[in-house]
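This briefing concerns one protein structure and is intended for use beside its sequence and model.

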Amino acid sequence: PAQLIFDRLVEAAWASGEPGLVFLDTINRTNPTPLLGTIESTNPCGEQPLLAYESCTLGSINVANFLARLNARPTIDFVRLAETISLAVRFLDNVIDRNRFPLPHIDRVTKQTRKIGLGIMGFADLLIALNIPYNSEAALHTATTLMEFFRSRAHLASAGLAAERGVFPAYRGSRLQTLHQRHRNAAVTTIAPTGSISLIAGCSPGIEPLYGVQQVRRVMDGVVLTSLHPAFVRRAHALGLDLDSLRPDLAADPSIQHLAHIPDELRRLFVTAHDVSPEHHVRMQAVFQRYSDSGVSKTINLLATATKAEVAAAFLLAYQLGCKGLTVFRTGSRDRQVFSCSPAHPC
């Protein structure tokens, strides 16, 4: 029975964070090339629904780098962002032609649809720079404004490439032909986790909130990397705070909301994953899904005390809001986890 299967999924996700869910009916409602087949799976992080033998050609722009000032207030620099989006779409389309695929069939199928996945990272850093808390309606509004622009410009760039180089070979009979959208790529935008490239770029991963003001990341071969968020360091110094005296508190809990000796303005702005309600996490994912041709990789972080009912509610809300999948993770549900706030324990 469906209810029994769902209950077992919820129990397993509560216990270990696995499995994540993909909603195949939602995915196939927007399958850009239904004549080529039904989509049955995604790449490992869930952001790229693919046909058999298709491949991921992904890239992400660090939106925290696109800031300007308008009347002395920080704002998004949409002019520079538009230029970068256009360049990135061309770059990713070039990758498909320059890549050496491991199998001839992967080469052939990938070039039939020419799917690319341009997305963002550094979203939490952008919100902090704009003085917007992640767990606010203003953050949802910013996500909507940003991604509506992002998808529009990415589609415009793909249309420009189609005029220059031709549409993707499987265009005839595709969903895009029905919509009269002559694009070079059957899919253009996606939201990837960017775990590794955000570390290289020095920004927050994907569309995730900060995991903690102090963050411990366990990477290859058990290496432990500890860091304080640079914007927190700058603002703390500006307010005359002693960071050395704060470190024990920051290592004890990823949230700073209970620390009365930290000024309200810092506590309001430096919202961490566990300060965000499961509902808001899902609502944020749903905003980005609305403007993603493919999927969205995001983790719904839950406190150790979260119940199975809360896991079930998150799964159902994600489906109702049109997400293509969902991953939840309850802190402490595994012996080892990638992120924590101190090397000693998985807070």
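Helices (H or I, at least four residues) and strands (E, at least two) are DSSP runs, numbered from the N terminus. The model is predicted: local features need pLDDT of at least 70, side-chain atom pairs count only at pLDDT 80 or more, and totals for chains, interfaces and linings use all residues. Residues are numbered from 1 along each chain as its sequence is written, and side-chain values use heavy atoms, with hydrogens and water left out.

**Helix α9**
- Ala-231, Phe-232 and Ala-236 of helix α9 (residues 230–238) are buried (under 20% relative accessible area, with exposed over 50% and partly exposed in between; 1.4 Å probe, protein chains only).
- The buried residues of α9 pack against α5 (123–129), α10 (243–252) and α11 (264–269).

**Arg-114**
- The loop between α4 (104–113) and β7 (117–121) contains Arg-114, which is buried at a relative accessible area of 4%.
- Not counting residues up to four places away in sequence, Arg-114 touches several residues, including Asp-93, Asp-97 and Phe-168; contact means heavy atoms within 4.5 Å.

**Thr-110**
- Thr-110 belongs to helix α4 and is buried, with a relative accessible area of 2%.
- The side chains of Thr-110 and Ser-55 make a polar contact (2.8 Å), that is, a pair of N or O atoms within 3.5 Å; within protein, one must be able to donate a hydrogen and the other to accept it, and residues adjacent in sequence count only if both atoms are side-chain atoms.
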